[in-house]
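Please look over the fold below before reading on. The briefing after it is arranged by topic.

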Amino acid sequence: KKKQKQSIDMKLYSKILLLLTLPAGTMAFHIMTPQSTRNVPTLYMFGFGQETKQENKELTLIRNVGLVAKDDSSTDSLFQYLLQWSKLLEEDYKGMGLTTRIKASPLDADGGLGVRILFQPSNTGMAYVSTTDEKRSAQEKKEGDTTPKKKKPKSEGGIDILIEKTENKSLDIRARRCEIEEGTLIKEMSEEAIIAELKKAAKVWKQEHDFAVKHFHA
């Protein structure tokens with residue numbers, strides 16, 4: 001855990017160092033990713049990602065997390081395990097490598113049981129004005145509409161973690177983005193930290209559960 005936190009810190013420090021070496025007035029820099037080279041505004045380094053509408057984008061699919069017991073108790077067991085894990089993540093989000101506070105709750109979706117993790121507002125994020133909002137504000141001023149409007153708070157986005165039962169009598173875990181709307185900032189660093197912790201938690205549950213299924217539910 002300590003090594004993982006150091007790794008996350010080093011990545012953040014490297015980005016900050018890169019920002020400090022840029023010419024004055026520069027508002028963006030390039031970050032190399034496995035997929036492509038992207039132009040990322042400086043705000044995104046501090047836990048706030050791209051402004052996008054990538055709702056339901058799949059973040060990971062962990063296959064064959066565990067065997068399904070004959071009494072079909074495996075799904076509920078994994079659900080309870082993930083719920084407890086998400087609460088630990090919520091209580092110690094900084095220790096787990098997240099840059100944004102979260103709120104975890106049980107999820108009973110059409111696709112099955114799971115956990116919903118929602119990112120919580122922060123002062124930095126609330127101060128950010130999206131390109132869409134800037135254009136809307138400029139248009140209203142141009143039309144002479146100066147009436148104060150009560151704005152609905154933007155969704156901070158989140159992750160749905162769903163348990164799926166396969167035809168091969170095993171369980172998968174699928175994680176995908178949720179609660180994404182126009183102007184939502186994708187918090188990539190926190191997403192990556194959550195997925196990394198989820199994979200470790202799934203590995204632990206698989207080892208313990210499969211042993212129990214083989215020896216006590218055979």
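This is a predicted model: local features need pLDDT of at least 70, side-chain atom pairs count only at pLDDT 80 or more; totals for chains, interfaces and linings use all residues.

Residues are numbered from 1 along each chain as its sequence is written, and side-chain values use heavy atoms, with hydrogens and water left out.

**Overall fold**

- The protein has 5 helices and 7 strands. Helices (H or I, at least four residues) and strands (E, at least two) are DSSP runs, numbered from the N terminus.
- Their order along the sequence is α-β-β-β-α-β-β-α-α-β-β-α.
- Of the 218 residues, 37% are buried. Buried means under 20% relative accessible area, exposed means over 50%, and partly exposed lies in between (1.4 Å probe, protein chains only).
- Take the contacts (heavy atoms within 4.5 Å) between residues at least 6 apart in sequence: 69% of them join residues at least 24 apart.
- The accessible surface is about 13,500 Å², and carbon and sulfur atoms account for 53% of that area. The areas come from the Shrake-Rupley method with a 1.4 Å probe; for residues, only the protein chains shown count as cover.

**Helix α2**

- Helix α2 spans residues 74–91, which is 18 residues.
- From first C-alpha to last, α2 reaches 26 Å, close to the 26 Å expected at 1.5 Å a residue. The expected span is 1.5 Å times one less than the number of residues.
- Buried residues of α2 include L78, F79, L82, L83, W85 and L89. The polar residues S74, T75, S86 and E90 are also on the buried list.

**Nonpolar core**

- The largest nonpolar core has 30 residues. Such a core is a set of buried Ala, Val, Leu, Ile, Met, Phe, Trp, Tyr and Cys residues joined through side-chain atoms within 4.5 Å.
- L82, W85, I117, I161 and I173 touch the most other members of this core.
- β3, α2, β4 (102–109), β5, β6, β7 and α5 (188–216) each supply at least two of its residues.
- α5 gives the most, with 7 residues.
- W85 touches I117, I161, I194, E197, L198 and A201, leaving aside residues up to four places away in sequence.

**Strand β6 and its partners**

- Of the 8 residues in β6, 7 are buried.
- β6 pairs with β5 (residues 112–119) in the antiparallel sense over 5 bridges. Two strands pair if DSSP finds at least two bridges between them.
- In that pairing, G114 stands opposite L162 of β6.
- β6 and β7 also run antiparallel, joined by 8 bridges. Here G158 stands opposite C178 of β7.
- E164 lies in β6 (residues 158–165). Its contacts are S170, L171, D172 and R174, not counting residues up to four places away in sequence.
- The side chains of E164 and R174 make a polar contact at 2.6 Å. A polar contact is a pair of N or O atoms within 3.5 Å; within protein, one must be able to donate a hydrogen and the other to accept it, and residues adjacent in sequence count only if both atoms are side-chain atoms.

- K169 is not a glycine, yet has a positive phi of about 60°.
- K169 sits in the loop between β6 and β7 (170–178). The hairpin of these strands has 4 residues between them.
- At 62% relative accessibility, K169 is exposed.
- N64, also not a glycine, has a positive phi of about 50°.
- N64 belongs to strand β3 (residues 58–67). With a relative accessible area of 37%, N64 is partly exposed.
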